[in-house]
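Please read them alongside the sequence and the coordinates.

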Protein chains: 2
Amino acid sequence: MIQTLTIVGVGLIGGSIGLAAKKREVAQRVLGVGHRKASLDQAVARGAVDEPFLDLSEAVHQADLAIFCTPVDLIAEQILAAAPGCKAGALLTDAGSTKATIVRRVTERRPNHVAFVGSHPLAGSEKRGVEFAHADLLEGRVTVVTKTSETAPADLNRTIAFWRSLGSEVIVMDPEEHDRALAMTSHLPHLVASALVGALTPSLFPLTGTGFRDTTRVAAGDPALWTGIFLQNRESLLGAMDRMGIQLDYFRRALLASDRTALDQLFGYAKRLRDSLEH
Amino acid sequence: MIQTLTIVGVGLIGGSIGLAAKKREVAQRVLGVGHRKASLDQAVARGAVDEPFLDLSEAVHQADLAIFCTPVDLIAEQILAAAPGCKAGALLTDAGSTKATIVRRVTERRPNHVAFVGSHPLAGSEKRGVEFAHADLLEGRVTVVTKTSETAPADLNRTIAFWRSLGSEVIVMDPEEHDRALAMTSHLPHLVASALVGALTPSLFPLTGTGFRDTTRVAAGDPALWTGIFLQNRESLLGAMDRMGIQLDYFRRALLASDRTALDQLFGYAKRLRDSLEH
């Protein structure tokens, strides 16, 4: 059991971690850090957090384990700002959607008395805020935990154990490998959904059905969060766009040639893959 | 009230029309046509159809109103094959996802004693079969009813009244205008979802979350149905791909330049549009 767990950023993910930690008795005390008192109060009222803090360092310095659930372009700076005053042996991790930049920045500069291991729970949504948090958000979902040549096995194992104790499955990956994978599985779908919506004249909205809504749902995500993710993962994303472009080109050529067999094969391949995702 | 309603193709859409027609007492008798006895029996068991028919003409010739819910590349031929033996004044319509080709082919060759008006209820799903049909599928959904210079106002009004009696809202459009619009709102999203899945290495499946699943759900649709739709609407689809390509290019250029402002604007625009879809 963790004595003091500090959650920096008590929104959908941070709030769900707090709720799960309380429900599963993973931590004795849960401290929550935010910059708006109203949402901190809400986190306390929902039982996601025992004690609210507006001061990041004050809360992180008490932690045995601290998790940073803030936008990806803030995480490394916040960790490095709080690290010097942390308890010896404190474990710091995060919930950011990109890993390579964060892990590199923190690893280069962290003080030796604290441990850092990067994490990414694949359990987001286009919703934001602790009001959408729930104790089961991580259950059965995958969390990626990063491992580099600098990662001490004991720190890696503590991080893995933390996520498992919250109900998550864990996959260990290299940070760059994570970013290349997530460019395909998460960032590119976000880009494509946004491009699909952006290409649509609003006068056609009444002619959208559930298909359009499903396909573009993620485009309702917070723009600033996604800009941060895209800037940190731009190279992998450009590669992902190229891979998507090849597929789009197959369709274009099949359409130009009115090639029934080619279209059948493209749709058939996509259907088989998509069906296999449900199992 | 319609005396005899004949539904050709009793799957998700046809079955739902039958269930709604029975529930709302829109028709006295509902005849269902299919080519597999098992699914016809299921349609009868579910109460979507009163009498099953394996012979299309036999059932359509008894109809006051017949609706063709078969793949788009079959509809025009089936209508034209059955039309000569239809009752005088019978109204024929369809539920196809494309309209221009179907309406043109039927209008050119239909006998004068039957009326034809094209329809497209925007209420599909990636699911198929009468087992997924339900009486409320059309409720609050939009059905496009097509109008051309050949469409008699009385026939148009009967078609509109039919869909409204099933709980659907109706939008009247020119068939070509429908196809251009649906290329953007339905066919392009299907293409993009299929391309996204097709670009993904199956080894990355464990790293997909709800976002990927939402964005690609429609790719599980029946390949043959979608090939038929794409071939009938290829020109509009190629135009839709170009419009999407412009948006993708905005993202690519913003990424290449690491342009935070441009990314914020692109995501912000998409979010505002997507949010407005929910209202």
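**Helix packing, salt bridges and the chain interface**

1. In this predicted model, helix 4 (residues 72-82) of chain A packs against helix 5 (residues 100-109) of chain A, with the axes 9 Å apart and at an angle of about 10°. Angles under 35 degrees count as roughly parallel, and helix 4 of chain A and helix 5 of chain A are therefore roughly parallel to each other. Their crossing is right-handed.

2. Which residues make this contact between helix 4 and helix 5 of chain A? From helix 4 of chain A come Val72(A), Ile75(A), Ala76(A), Glu77(A), Ile79(A) and Leu80(A), and they meet Ile102(A), Arg105(A), Val106(A) and Arg109(A) of helix 5 of chain A. Sorted by class, the contact of these two helices has seven nonpolar residues, three charged residues and no polar ones.

3. Over all chains, a search of the whole structure finds 28 salt bridges. One pairs the side chains of Arg29(A) and Glu51(A), at 3.1 Å from N to O. Arg29(A) belongs to strand 2 (residues 27-33) of chain A and Glu51(A) to strand 3 (residues 51-53) of chain A, so this pair ties together parts that are 22 residues apart in sequence.

4. Turning to the interface, the contact of chain A and chain B takes 77 residues from chain A and 77 residues from chain B. The two chains bury about 7,500 Å² between them, and 69% of that is on carbon and sulfur atoms. Of the area that chain B buries against chain A, Leu207(B), Phe267(B) and Arg274(B) supply 10%, more than any other three residues.

5. How many salt bridges does the rule find across the interface of chain B and chain A? There are six across this interface. A salt bridge also joins the side chains of Arg260(B) and Asp73(A), with an N to O distance of 3.1 Å.

6. Helix 7 (residues 175-198) of chain A and helix 11 (residues 260-277) of chain B have axes that come within 9 Å and cross at roughly 65°. That makes helix 7 of chain A roughly perpendicular to helix 11 of chain B. The crossing of these two helices is left-handed.

7. In this contact, His190(A), Ser194(A), Val197(A) and Gly198(A) of helix 7 of chain A meet Phe267(B), Tyr269(B), Ala270(B), Leu273(B) and Arg274(B) of helix 11 of chain B. The residues of the contact divide into five nonpolar, three polar and one charged.

Definitions and conventions:
Residues are numbered from 1 along each chain as its sequence is written. Chains are lettered from A and ligands numbered from 1 in the order in which they are written. This is a predicted model: local features need pLDDT of at least 70, side-chain atom pairs count only at pLDDT 80 or more; totals for chains, interfaces and linings use all residues. Side-chain values use heavy atoms; hydrogens and water are left out. Axes are lines fitted to C-alpha atoms, for helices over the stretch in contact, and angles run from 0 to 180 degrees between N-to-C directions. Helices (H or I, at least four residues) and strands (E, at least two) are DSSP runs, numbered from the N terminus. Angles under 35 degrees count as roughly parallel, over 145 as roughly antiparallel, 65 to 115 as roughly perpendicular and the rest as oblique. A crossing is left-handed if the near helix is turned anticlockwise from the far one by less than a right angle, and right-handed if clockwise. Contact means heavy atoms within 4.5 Å. Ala, Val, Leu, Ile, Met, Phe, Trp, Tyr, Cys and Pro count as nonpolar, Asp, Glu, Lys and Arg as charged, and the others, Gly among them, as polar. Buried area is the accessible area (1.4 Å probe) that two parts lose on being put together, summed over both. A salt bridge is a side-chain nitrogen of Lys or Arg within 4 Å of a carboxyl oxygen of Asp or Glu.
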